[in-house]
Amino acid sequence: MSASAPTLAAATPRAPRRSTFRQWTEREGVFSWLMVIPPLLFLIALVGYPFVYGIWLSLQDRPVARAGTFVGLANFVADWKDPVFWQVTQNTFVYTIAATLLKMVGGLALALVMNQEFKFKNTIRALMLLPFIVPTVLSTIAWMWILDPAFSIINWLLRYFAIANPGPSWLGNPDLAMLSLIIVNTWRGLPFYAITLLAGLQTISPDLYEAATIDGASAWHRFRWVTLPLLRPVIFIVTMFSVIFTFADFQLVYVLTRGGPANATHLYATYAFDVAMGGGQLGMGASIALAMLPPLALIIFAMSLYMKPNKT
Amino acid sequence: MIVQRRGWTTRSLKLWLPLGGFMLFTLFPFYWMAITSLKPNSELYNRKIMPLIVYHPTLKHYVDLLTETNFLLWTWNTFLVAVVSTAISLVFGVMLAYPLARMRFAGAALISFAVAATYLVPQPLLFIPLADIINQLGLGDTLTSVILTYPTLLVPFCAWLLMGYFRSVPHELEDAARIDGATRLQTMFKVFLPLCIPGFISAGIFAFTLAQNEFLYALIFLTQTDVRTVPVGAISELVKGDVFYWGQLMAAALLGSVPVAIIYSFFVEHYVAGLTAGAVKQ
């Protein structure tokens, strides 16, 4: 080092005091921390602090625009005794589990179909992703019209083929409303599964299939014993993401049903929104939002037990 | 001949039939959106006629949308917010990802974990306390409120995606720059980051579409028509009580989707790379 800079080395054989700060910031640990501190402070201020503040809110009786009073766990006790809260819990589980299964099975099927050679593959893949990239609220508006009580295209088809007249009220009947939400959620989320699983499929070496075929494995056996085990890590990660964001879904329900009819489609997020923003009860709302954490943790824990890619 | 025909039938059954089914399911809502926006009200609300095609297409709903509502202003707001919050997120994302991917320092594992955890925090968990904080700061009904909060969703994502990309870049060039006497900052800006343009495009496109898509914070923080974004404006102002302006709603849905779709179409490969990076890369 000193040999390459003879003049400098002659004048200052040891590091001069003047440049110590410079040397200090050049140290790997110092440089790294100086880099990460600003974004970390940002995240602490706008994620960490609101999270803690949300817990504090949930322990208060806090009407909007007025000072709160500390009530301990009273809000959570009230949630526990609230039949709507339990309805919401059940709705959220039904919605999450049904939509996730549909997306997983449908996404895997679509990925397998697309894992063949065909013309316009890239164009078709790009088109298939559209539901995922178009702003959800805007595409849900189209679904709202598809499911409209009077002018539903589905009901028109049902009438046309004389299956039903006048056809069901898709968003007016509690069970059908939930079914509709699950379908729309599947429509939006399926491309994410399909494209990610397709990318996973493409990393599987063709040699493995060849070897399995030579050993006499049928198409089903190749899928069951080659494809699935190798795809498991990808399926796990995709499903985990999808479960978290489906469990905490807000937009679809807000646009299509607002939680109705008679709370049949309220999820934690929309119910918390109604209580906090509609009813002005910030404390109660915060407690409902926080109540989604334990069941969500439970689902993720159960999933990692069943699906975790293990070495065996 | 027979072999050929058999091949064609199996191929139809194994490829084109299921693919066609999926495409119909995927694309029908967009078709429906487009033709509904072109129908005059007399066709829209007539249950007698076949609804799958337009008989007398009209641009009336588009004209009304652009002249009678603040749609253009909402579009500008959405675009501005998406661009600024994407830029902030990329800068912060690099500041997190570069040290985490390329350096060894005490606390790195903890920070990685914290960033991943932040990414997984669902938005509905934070909107009530954030609404209160935004009010106390006097930021309600300003674009600043969403420009500040969107990066909380985008930074962890950008950092995570960029970390993956940064790890795939070989060390030689940086080592050479360091040996030649470049400081760490110079090495990062002049040598390393220019190598990572594709990573920035992936992260940027993804963050941009997420920002365009955001609804919950915009719905709560932005209640005045002149600061609204397209999704909030459409759902709040084109539905008046029980009256749905279906033609205008569909025109808004279509026009609101077009900017995202165009940008996406230019960078599909980058988008797909970003989408699959986390799950597939080992």
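**A:Ala162 sits in the loop between helix H9 (153–160) and helix H10 (174–201) of chain A.** This is a predicted model, in which local features need pLDDT of at least 70, side-chain atom pairs count only at pLDDT 80 or more, and totals for chains, interfaces and linings use all residues. Residues are numbered from 1 along each chain as its sequence is written, while chains are lettered from A and ligands numbered from 1 in the order in which they are written. Helices (H or I, at least four residues) and strands (E, at least two) are DSSP runs, numbered from the N terminus. Although A:Ala162 is not a glycine, its phi is positive, at about 55 degrees. Most residues other than glycine have a negative phi. A:Ala162 counts as exposed because it has 7 C-beta neighbours inside 10 Å. The classes are buried (20 or more other C-beta atoms within 10 Å of the residue's own), exposed (12 or fewer) and partly exposed (in between), with C-beta atoms placed from the backbone.

**A:Asn263 is a residue other than glycine with a positive phi, near 65 degrees.** The loop that holds A:Asn263 runs between helix H13 (251–256) and helix H14 (268–278) of chain A.

**B:Phe206 is placed in helix H10 (residues 197–213) of chain B.** B:Phe206 counts as buried because 25 C-beta neighbours lie inside 10 Å. Apart from neighbours within four places in sequence, the contacts of B:Phe206 are B:Phe157, B:Leu161, B:Tyr271 and B:Gly274. Two residues are in contact if their C-beta atoms, placed from the backbone, lie within 7 Å. The C-alpha atom of B:Phe206 is separated by 7.8 Å from that of B:Leu275, a residue 69 residues apart along the chain.

**B:Arg102 belongs to helix H4 (residues 71–102) of chain B.** B:Arg102 is partly exposed, because 19 other C-beta atoms lie within 10 Å. The C-alpha atoms of B:Arg102 and B:His171 are separated by 8.6 Å, and the two residues are 69 residues apart along the chain.

**The contact between the chains is built from 70 residues of chain B and 69 residues of chain A.** On the side of chain B that touches chain A, helix H1 (residues 2–38) of chain B supplies the largest share, twelve residues. By type, that side of chain B comprises 51 nonpolar, 15 polar and four charged residues. Here Ala, Val, Leu, Ile, Met, Phe, Trp, Tyr, Cys and Pro count as nonpolar, Asp, Glu, Lys and Arg as charged, and the others, Gly among them, as polar.

**Chain A is assigned domain 1 (15–58) and domain 2 (76–307).** These bounds come from an automatic or database domain assignment. A distance of 38 Å separates the C-alpha centres of domain 1 of chain A and domain 2 of chain A. Four residues from domain 1 of chain A and six residues from domain 2 of chain A take part in the contact. On the side of domain 1 of chain A that touches domain 2 of chain A, two residues are nonpolar, two are polar and none is charged.

**Helix H1 (residues 6–11) of chain A has the lowest confidence in its chain, at a mean of 50.** Confidence is given as pLDDT, the predictor's score for each residue, from 0 to 100. At the other end, helix H5 (residues 83–114) of chain A is the highest, at 95. Residues 1–6 of chain A have a pLDDT below 50, and beyond near neighbours in sequence this stretch has one contact in the model. Where pLDDT is low, the predicted coordinates should not be read in detail. Over chain A, the average pLDDT is 88, and 92% of the residues score at least 70.

**Chain A has 16 helices and two strands, and chain B has 14 helices and two strands.** For chain B, the radius of gyration is 24 Å, well over the 19 Å that the globule rule gives for 282 residues, so chain B is more spread out than a compact globule. The radius of gyration is taken over C-alpha atoms, and the globule rule is 2.2 Å times the number of residues to the power 0.38. Buried residues are 39% of the 312 residues in chain A and 45% of the 282 residues in chain B.
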